[in-house]
Structure formats: structure tokens, C-alpha cells
Amino acid sequence: MPSLKRIGLVKTFTRNGETLKLALPIFLQLALSVALGYANQFMLSGVPLAANAVSQANQIANILIVSFSVLSSSSVILISRLLGAKDENILGRIYALAFWVNALLGLVIASTVAIISPYVFPLMQVDGNVLPYAIMYQYLTAPSILLSDLTDTITAFLRANPKM
């Protein structure tokens, strides 16, 4: 197995300190978002059926959290580019467009997740005794998908702002 020194991984991180400073908060935000689902699962660990249901529903939520994080990162790239070009006219429209597109997309996806969860969980081969709990948990947590999306979007705006 090659050592880290031979790969140059340590040198890469020390040379790109600014990149690490930018990437670390994004990583921490994403890790904490995913950890929230695990905290719910841990709290329900005394009720095995409920913990299993939360675990199944969190698989869907984690995929969506990562997807929205990537989408909001694309907003950061576009906003940073326009800030560098000092194009204030288009920049204001991009902020509004990015917010409303993400809000609409989050609403559609949250609604879709709530509507199709009774059909998706059987495809995931969730046990029949866990299925009603997984569906109920998904109904309860589907609105948080929209909130997670909007949080990622606003965080991206703050990250792209040079005054932050």
C-alpha cells in the first residue's frame, strides 16, 4: 500500500490551504445534515421497528441532501463568476432566480417523496412490519427536504459573498 508521502496528499493539502479553508465548512455542513438523521435513529433505538423505519427513510433523505448541496454549489460558482466580472445587473437576477428555482425544486421533490413513499419502500424491500412506520416517518420529514434545500441555497449565497 503506497504511503501518503508518496502520493503527495499531504503536500497537496498544505499547498492548497485556501481550498481547504473553503471546502471544510461545506464538508462540515453536509456531515451535520446527514448526522441529524442518525441522531433520530439513535433516539429511537429502543424501539427496533421505529429505528429500522427511520434508517430506511434516511437513505432517501441522505441522497437528496447531497444532491441539493451540489446544486447550491453550482449557484456559488455562478455567483462568484459574476462577482469577479462585476456584473451587478445580472447578479441580482441570479440571486433571485437561484432562490426561486431551488425553492420550487425543493417543493416539488418534497411533495414527490411524500407521495411516492408508499411505492418506493416496497421496491427497497422494506419489511412489511416496518413499512407503515417508514411511510409515516417519510410523511413527517418530507417538508424538511424543502427547508434543507433553502438552507443550502442561502448558505451558498453567504459563501459566495466576498464580505463574509
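Q: In which helix is Phe68 found?
A: The model is predicted, local features need pLDDT of at least 70, side-chain atom pairs count only at pLDDT 80 or more, and totals for chains, interfaces and linings use all residues. Residues are numbered from 1 along each chain as its sequence is written, and side-chain values use heavy atoms, with hydrogens and water left out. With helices taken as DSSP runs of H or I of at least four residues, numbered from the N terminus, Phe68 belongs to helix H4.

Q: Is Phe68 buried or exposed?
A: Buried means under 20% relative accessible area, exposed over 50% and partly exposed in between, with a 1.4 Å probe and protein chains only. Because its relative accessibility is 3%, Phe68 counts as buried.

Q: How far apart in space are Phe68 and Asn102, C-alpha to C-alpha?
A: In sequence, Phe68 and Asn102 are separated by 34 residues. In space, their C-alpha to C-alpha distance is 8.4 Å.

Q: Is H4 roughly parallel or roughly antiparallel to H6?
A: Helix H4 (residues 48-85) packs with helix H6 (residues 131-160) at an angle of about 20 degrees, the axes lying 8 Å apart. Angles under 35 degrees count as roughly parallel, over 145 as roughly antiparallel, 65 to 115 as roughly perpendicular and the rest as oblique, so the arrangement of H4 and H6 is roughly parallel.

Terms used: Axes fitted to C-alpha atoms, helices over the stretch in contact; angles between N-to-C directions. Helix = DSSP H or I, 4+ residues; strand = E, 2+ residues; numbered from the N terminus.
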